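Subject: Structure handover

Hello,

Here is the structure I promised to pass on. Please open it first, then read my notes below.

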Amino acid sequence: MKKKLFIGVLVLFTCFFLSLYAGQQSPVHGAQKPIVIGGSLPLTGTYSATGKWVERGYQLWAEEINGKGGLLGRPVKLIIYDDKSDAKEAVSLIEKVITVDKADLLLGGYPGTACTAVMPVVEKYKMVYVSMGGHMVSFSQGYTYSFGGPPLMGEWWFVGFFEWMKTVPADQRPKRVAIFTMNNPIGVSFMDSIYKGCKETGMEIVIDEKYNLPLTTADTMIMKAKQMKADLLFASGMFPDGVMTIRACKALDYSPKAIAQGIGSVIPEWTKELGKDGDYVFSGTSWHYKLKYPGNDKVIKAAKDKYKEDEPPLYFGFGYAWMQTLQQGVEGAKTLDQTKIRDWLRSHEVKTIAGNFKFDSKGLPKPFAYLTQVIDGNVELIWPPEMRTHAAVYPKPPWK
Amino acid sequence: MGKKSSFFLIGLALLAIFPLIRPPAYFLSFLFKMFLFIILAESWTLIGGFAGYLSFGHVAFFGIGAYTSSVLFQHFSLSPFIGALPAGGVAALVALIIGYPCLRLKGPYFAVITLCFAFVVDLIVKNWAFLGGSEGIHLKLVQMDIQSSRSIFYEIFLGLVAVTLLYVRRVQHSKFGMGLASIREDEEVAQTLTINTAAVKIKAFIMSAFFPGVAGGIYAYYISYIHPDIVFDINISILIVLMAVFGGGKSWAGPLLGAALLTVVNELLSLFVRPEIARVIYGAMFMGVIIFMPDGMVAFFSRRRRA
Amino acid sequence: MFNTAVVIQSIVSGLLMGGIFALFGVGFSLTWGVMKVINIAHAAFGILAAYIAYWGLVLYGVDPILSLIVSLPVLFFAGLLIHRFLIQPITRSKDIVVASMILTFGLAIILENLMLVAWTSDERLITTSYSSKAIFIGEIIIRVSSLLAFCVSILGIAAIYLFLHKTRTGKAVRATWQDPEGAALQGIKLTRVSMIAFGLALASAGAGGVAMAYMYSFNPPAHNLWLIYLFLVVIVGGVGSIIGSALAGLIIGLITGLSGAFFPQQWINVLLFGLLIVILLIKPEGLFKS
């Protein structure tokens with residue numbers, strides 16, 4: 001019958017389990033046994049464009065710390081699996097990392113849905129998890145081992161924008177706001193700061209619509225905004241839809257006083273591929289390479305030398321900053337005991353390239369957000385004033 | 001027959017005592033994932049393999065189950081282990097409603113309409129604030145240590161696998177199964193043989209939606225964060241079909257084999273091979289299997305033995 | 001509410017977009033109709049052509065339209081080879097529709113990841129000197145790049161239509177598709193005709209991919225999204241119908257454009273897929289096939 005086939009399958013299974021066990025028993029002992037830091041990232045599939053930059057950030061940190069003699073005197077070894085842009089895989093792989101690879105420390109995942117799905121799991125295993133998180137909801141579930149160091153908080157994303165807007169004289173501010181947001185966790189979490197900010201600065205919201213990805217056309221949205229004479233446009237999307245919105249603005253000759261983007265303009269492709277059309281777009285960020293915190297020079301140099309990027313992308317810096325937080329937790333607690341690391345992180349300040357953070361009971365630092373604007377193909381920092389690299393170009397010059 | 005049943009029972013017993021040796025939780029989770037795909041592929045084969053109606057929207061039933069038990073848990077504090085049954089019921093009900101019009105379509109048209117159905121359900125859930133919209137639902141965590149909770153989920157899914165397998169196997173050799181097979185071979189001829197094809201098809205469709213619904217209901221509690229991108233992931237739909245066809249959809253053994261093999265291969269590839277290359281090998285595997293065994297592995301091996 | 005200008009603008013934008021979907025979907029419809037092959041890798045080949053156009057533009061300053069001179073023959077011959085070595089072996093399968101879907105699904109994964117290795121997952125955008133120029137007709141605005149892509153679509157569809165109706169080979173393709181046995185009796189070589197049709201379909205995927213790239217950014221995984229449009233076009237237009245595909249593209253574009261003017265954005269896709277379900281239920285053979 002099918003006996004042969006079944007036996008074959010049985011053999012394959014046995015090999016599978018043996019190979020996993022074999023991988024786990026590394027014979028190295030003593031002080032030189034490396035500290036294993038593991039996790040998964042989307043290295044193929046939809047989110048791979050960003051996932052690979054997080055991986056590069058992690059690797060930069062690992063190379064650096066190994067060059068300096070390691071963590072707690074031991075070299076570090078990264079284990080990064082590909083979760084194929086699937087949150088379910090991310091959950092399964094983090095369990096592999098914890099229970100089979102016996103990782104000493106965990107790496108944060110990407111995107112928000114994956115982090116949110118992983119956070120309850122690491123809580124059960126009592127392992128410290130430093131990542132971008134999945135916005136305010138994910139940090140409000142009472143998890144104690146998850147830290148956003150720094151987080152990507154949609155709720156804070158446009159806080160910097162409105163802080164800056166308050167410095168603009170009231171009569172020069174936009175009056176009518178059009179909001180087009182993608183319908184996903186990031187997009188929805190943006191709305192918090194937009195509603196609050198519009199109220200505080202006395203702007204009227206005339207269009208407030210969500211769209212589901214993928215976006216087929218942005219022309220109608222922009223026509224509506226133009227028709228309603230909105231002079232501030234929030235297009236809170238990712239890269240593909242962000243590009244379509246901007247191109248539609250130009251083609252339809254719609255020139256509001258300011259255009260604010262979600263997370264589409266934070267990847268280097270925005271300036272590289274879009275060129276001049278991408279100029280003058282505002283966006284928030286949690287990290288920027290021109291921030292005056294120590295360590296950013298190294299990140300800039302690594303991006304230029306290794307990946308030929310003049311401007312290190314957001315997620316490159318993110319990956320590096322998360323590892324800095326983790327490193328300080330370990331070095332501060334002077335142990336790999338997860339609960340001690342957690343307690344240290346909760347009671348001390350960490351210094352990262354994105355800023356100095358003190359974490360609250362949710363694992364979040366104090367609300368912060370930087371405002372950026374693309375000016376002449378460079379992403380410049382506009383807010384806060386002490387970090388400013390360029391004055392805001394406002395109102396936006398009309399399309400040529 | 002007797003020999004096969006005892007083989008089946010021994011395998012089941014071995015798997016059932018596996019958590020007792022306290023293996024790393026990952027192995028339980030991995031087998032849990034495999035069980036999930038076995039359940040999904042087996043129940044898919046009722047309509048897709050036996051009757052030849054390729055449903056590409058089966059993930060919708062899984063997701064509907066997940067959302068049903070989550071809502072019951074969230075708003076009525078009904079434990080998902082119990083809520084899984086109504087979850088399966090809702091999935092079956094939805095199958096009944098959409099089955100009537102959809103099952104009139106044949107071949108690729110049925111495939112596309114079920115695919116569209118899955119898209120529509122996904123989008124509606126994303127737009128519906130009561131169901132958490134695009135932010136998803138966070139469930140309270142299971143109040144027990146991870147090893148025990150993983151073991152419990154494992155045992156429940158193992159039980160569900162056994163039930164599904166037994167059911168599908170029984171169907172295959174029953175009059176109902178013969179009816180489905182005759183529909184697959186030639187629906188018009190089947191009708192002239194006084195088979196009520198419409199009733200047979202809808203019954204198969206409902207049962208093939210019920211099991212994924214139950215599985216989804218339990219999976220919701222397992223993953224504890226329900227988001228449309230996770231439970232309505234269209235790749236699950238595609239993967240189920242591939243698994244069933246890979247193994248051979250005309251018998252109960254095919255989807256079992258396909259699901260088990262593909263989950264293992266996929267895992268090994270993603271653990272040991274460079275990501276892009278792993279995907280290339282994965283793709284090549286599909287092409288190889290379909291070129292050399294166009295009717296699935298089970299058919300290929302039984303034919304070789306006969307030859 | 002919105003005035004007529006918005007409505008007319010939505011119609012114009014929608015039609016331009018729909019024309020591009022039509023070209024992209026026509027080859028998909030052809031292989032499905034002629035040889036019962038559902039080519040899941042169709043969109044991936046479109047992305048491949050988009051990359052050829054992109055690199056031609058970035059490295060040598062060649063206009064994307066001109067890049068078709070290279071990519072169309074390449075894809076045509078790739079189509080012949082794929083048909084000879086991959087599709088023909090599975091024609092002995094009992095259910096060629098299923099077998100072809102799995103085969104081309106594997107092919108799509110391979111293609112996607114080879115492109116990922118070669119060109120990374122960076123998002124790409126075709127930016128030409130005219131990519132954000134527009135023509136104004138009264139209040140109505142027509143984008144030059146959309147118009148150009150639309151013209152390519154019209155030409156492409158016309159070429160395929162003329163080929164199928166005016167040339168001997170084309171007539172043979174149509175004959176085999178309408179009546180395989182009768183065509184075989186007339187001495188038409190089924191495999192040769194199928195091979196040519198498959199090559200043609202891939203070439204049209206290339207042209208469609210370049211046209212799509214005028215509107216959308218792309219990276220290798222994007223073919224999964226583009227695939228959805230293919231199914232839309234084929235089902236609305238009817239499998240194997242060239243004119244049907246063309247009209248289906250326009251209708252889909254029109255619905256997307258217009259519904260955006262009257263409904264909240266987040267319900268547009270629901271509307272579109274819901275409509276598709278209704279069409280399938282009422283007229284499964286497509287709106288334009290008698």
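Chain B has a radius of gyration of 19 Å. A compact globule of 307 residues would come out near 19 Å, so the two agree. Please keep in mind that this is a predicted model.

Some overall figures for chain B come next. Along the principal axes, its C-alpha atoms fill a box of roughly 55 × 45 × 40 Å. Of the 307 residues in chain B, 61% are buried. Take the contacts in chain B between residues at least 6 apart in sequence: 78% of them join residues at least 24 apart. The secondary structure of chain B comprises 14 helices and 2 strands.

I then looked at one helix pair. Helix 3 of chain B covers residues 58–76, and helix 4 of chain B covers residues 80–102. Their axes lie 8 Å apart, at an angle of about 135 degrees. Helix 3 of chain B and helix 4 of chain B are therefore oblique to each other. The crossing of helix 3 of chain B with helix 4 of chain B is right-handed.

Which residues make the contact? Helix 3 of chain B contributes Phe61(B), Ile64(B), Gly65(B), Thr68(B), Ser69(B), Leu72(B) and Phe73(B). From helix 4 of chain B, the residues include Pro80(B), Gly83(B), Ala84(B), Pro86(B), Val90(B) and Val94(B). The contact between helix 3 of chain B and helix 4 of chain B holds 12 nonpolar residues and 5 polar ones. No charged residue takes part in this contact of helix 3 of chain B with helix 4 of chain B.

Best wishes

Note on methods. Residues are numbered from 1 along each chain as its sequence is written. Chains are lettered from A and ligands numbered from 1 in the order in which they are written. This is a predicted model: local features need pLDDT of at least 70, side-chain atom pairs count only at pLDDT 80 or more; totals for chains, interfaces and linings use all residues. Axes are lines fitted to C-alpha atoms, for helices over the stretch in contact, and angles run from 0 to 180 degrees between N-to-C directions. Helices (H or I, at least four residues) and strands (E, at least two) are DSSP runs, numbered from the N terminus. Angles under 35 degrees count as roughly parallel, over 145 as roughly antiparallel, 65 to 115 as roughly perpendicular and the rest as oblique. A crossing is left-handed if the near helix is turned anticlockwise from the far one by less than a right angle, and right-handed if clockwise. Two residues are in contact if their C-beta atoms, placed from the backbone, lie within 7 Å. Ala, Val, Leu, Ile, Met, Phe, Trp, Tyr, Cys and Pro count as nonpolar, Asp, Glu, Lys and Arg as charged, and the others, Gly among them, as polar. The radius of gyration is taken over C-alpha atoms; the globule rule is 2.2 Å times the number of residues to the power 0.38. A residue is buried if 20 or more other C-beta atoms lie within 10 Å of its own, exposed if 12 or fewer, and partly exposed in between; C-beta atoms are placed from the backbone.
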